[in-house]
Amino acid sequence: MVKLTSMVKTSGCAAKLSPKELFSVIETLPVLKCDKLLNGYEGAEDALIYDLDDGRVLLETVDFFPPMVDDPYTFGQIAAANAISDIYAMGGKPAVCMNLVCFPACLELSVLSEILKGGIDKVREAGCVIGGGHTISDPTPKYGLCVTGFAEKGKVWRNKGARVGDVLVLTKALGVGIINTAKKADMCDDEAFNIAVNSMTTLNKRAYECAKELDIHAATDVTGFSLAGHSNEMASASGVKIVIDTSKLNIIPSALEYARFGLLPEGLYNNREYLADKVDFSNTIPLELQDLCFSPETSGGLLLSMSKEDAERFMKLFGEPARIIGYVKAGSGVEII
């Protein structure tokens with residue numbers, strides 16, 4: 001069977017457009033006004049918010065990418081978990097999904113079947129359904145979902161709202177993008193890769209359920225734009241400075257070692273360029289740890305800003321792999337110590 005990763009240049013969330021290029025285009029677009037559309041593509045939120053006028057809002061997102069693993073079923077699971085995560089990151093409950101598929105004519109249809117079965121099983125685990133989708137023939141395989149969810153109008157989590165004095169919780173370990181790059185180069189040990197795959201296939205459902213009764217001031221998920229990039233989006237939207245303490249990060253074993261070897265995803269360089277004037281590193285932070293902070297994460301964890309008391313409650317409920325990784329203070333941008 002053909003290795004799926006041999007058919008792609010970049011994989012997973014590392015395949016995203018450069019944030020510098022993307023935002024330069026978005027800034028030229030008109031914002032379409034609608035009283036019911038409470039948030040669209042402006043503000044870098046994880047999903048649009050549409051008022052249903054019944055005390056609820058509809059949340060909608062879309063996400064798809066090329067494979068980062070060779071097993072088609074696992075790829076389907078990861079792509080589905082990644083897409084659904086945006087709804088959890090908004091404090092919502094996913095309800096219905098549609099498939100997005102790009103599939104090469106040279107591959108057997110059994111490969112497509114396994115990808116879709118992986119997606120179906122992960123969607124079923126999330127408690128929602130797939131109602132259809134769209135396919136096109138494409139030399140590069142890609143899969144993902146359009147996901148619709150719902151939330152109470154006054155309980156939507158946004159990436160703005162982080163408060164001075166808050167602490168930051170990240171619910172998954174970091175290093176997936178680096179591990180995937182090492183695996184593609186046949187330089188990754190099985191233990192590290194299995195940890196990465198387990199992380200990527202894990203829904204953020206339980207993290208959402210443990211946090212939904214707490215007072216979450218701001219939230220997002222950490223994916224293609226990296227820990228540094230998504231932290232900067234939250235800091236910018238909230239008008240605060242976010243401080244990340246690297247000694248508190250949960251890092252997949254071997255990720256820093258592979259980073260030292262230069263096994264870095266392409267998206268990392270795009271993130272570093274865009275964030276150069278927005279992120280300050282302490283002089284003591286080694287290069288491989290800086291690389292980790294800029295590295296794309298696929299199906300990453302939720303980044304939650306809340307009071308110290310609520311963070312401690314969350315940690316008692318959720319436990320590992322979540323960590324309290326930093327705090328919020330007055331200022332702007334991101335400081336990594």
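This is a predicted model: local features need pLDDT of at least 70, side-chain atom pairs count only at pLDDT 80 or more; totals for chains, interfaces and linings use all residues.
## Overall form

The protein chain carries 11 helices and 13 strands in its secondary structure, and along its principal axes the C-alpha trace spans about 55 × 50 × 45 Å. Its radius of gyration is 19 Å, which agrees with the value near 20 Å that a compact globule of 337 residues would have.

Buried residues account for 55% of the 337 residues in the protein chain. When contacts between residues at least 6 apart in sequence are considered, 84% of them join residues at least 24 apart. The accessible surface of the protein chain is about 14500 Å², and carbon and sulfur atoms contribute 54% of that surface.

## The largest pocket

Sorted by class, the lining of the largest pocket consists of 16 nonpolar, five polar and nine charged residues.

Three elements, helix 1 (19-26), strand 3 (56-65) and helix 7 (226-238), each supply at least two residues of this lining. Strand 3 gives the most, with six residues in the lining of the largest pocket.

## The second largest pocket

About 360 Å³ of space lies in the second largest pocket, where F23, G43, A44, E233 and Y274 are the closest to the centre among the 19 residues of the lining. By class, these lining residues divide into 10 nonpolar, five polar and four charged.

Helix 1, helix 7 and helix 9 (266-275) each supply at least two residues of the lining of the second largest pocket, and the largest share, five residues, comes from helix 7. Helix 1 and helix 7 also each supply at least two residues of the lining of the largest pocket.

One of the residues closest to the centre of the second largest pocket is G43, which lies in the loop between strand 1 (37-39) and strand 2 (48-51). G43 counts as partly exposed because its relative accessibility is 48%. The C-alpha atoms of G43 and K160 are separated by 8.7 Å, although these residues are 117 residues apart along the chain.

## The cavity

The structure holds one cavity of 30 Å³ or more, and the volume of the largest cavity is about 40 Å³. The residues that line this cavity are C13, A14, K16, L17, P19, G224, F225, G267, N270, N271 and P296. By class, six of the lining residues are nonpolar, four are polar and one is charged, while the largest share by element, three residues, comes from helix 9.

## Two buried residues

S295 is found in the loop between helix 10 (287-294) and strand 11 (302-306), and S295 is buried because its relative accessible area is 0%. Leaving aside neighbours within four places in sequence, S295 is in contact with G177, I178, S226, P265, L268 and N271.

Q77 is found in helix 2 (residues 72-89), and with a relative accessibility of 15% Q77 counts as buried, since the cut-off is under 20%. Leaving aside neighbours within four places in sequence, Q77 is in contact with G118, G119, K122 and T201.

## Backbone features in loops

The peptide bond from E320 to P321 is cis, with omega near 5°, and P321 is found in the loop between helix 11 (308-318) and strand 12 (323-329).

D53, in the loop between strand 2 and strand 3, has a positive phi of about 60° although it is not a glycine. This residue, D53, is exposed because its relative accessible area is 56%. S254, in the loop between strand 9 (241-244) and helix 8 (255-260), likewise is not a glycine and has a positive phi, of about 85°. S254 is partly exposed, as its relative accessible area is 22%.

Conventions: Residues are numbered from 1 along each chain as its sequence is written. Side-chain values use heavy atoms; hydrogens and water are left out. Helices (H or I, at least four residues) and strands (E, at least two) are DSSP runs, numbered from the N terminus. Ala, Val, Leu, Ile, Met, Phe, Trp, Tyr, Cys and Pro count as nonpolar, Asp, Glu, Lys and Arg as charged, and the others, Gly among them, as polar. On a 1 Å grid over the protein atoms alone, a cavity is a set of points where a 1.4 Å probe fits but cannot get out, and a pocket is an open set with protein on both sides within 12 Å along at least five of seven lines; lining residues have an atom within 4 Å of a point. Grid points are joined across faces, edges and corners, and a volume is the space filled by probe spheres set on the points. The radius of gyration is taken over C-alpha atoms; the globule rule is 2.2 Å times the number of residues to the power 0.38. Buried means under 20% relative accessible area, exposed over 50%, partly exposed in between (1.4 Å probe, protein chains only). Contact means heavy atoms within 4.5 Å. Accessible areas come from the Shrake-Rupley method with a 1.4 Å probe; for residues, only the protein chains shown count as cover.
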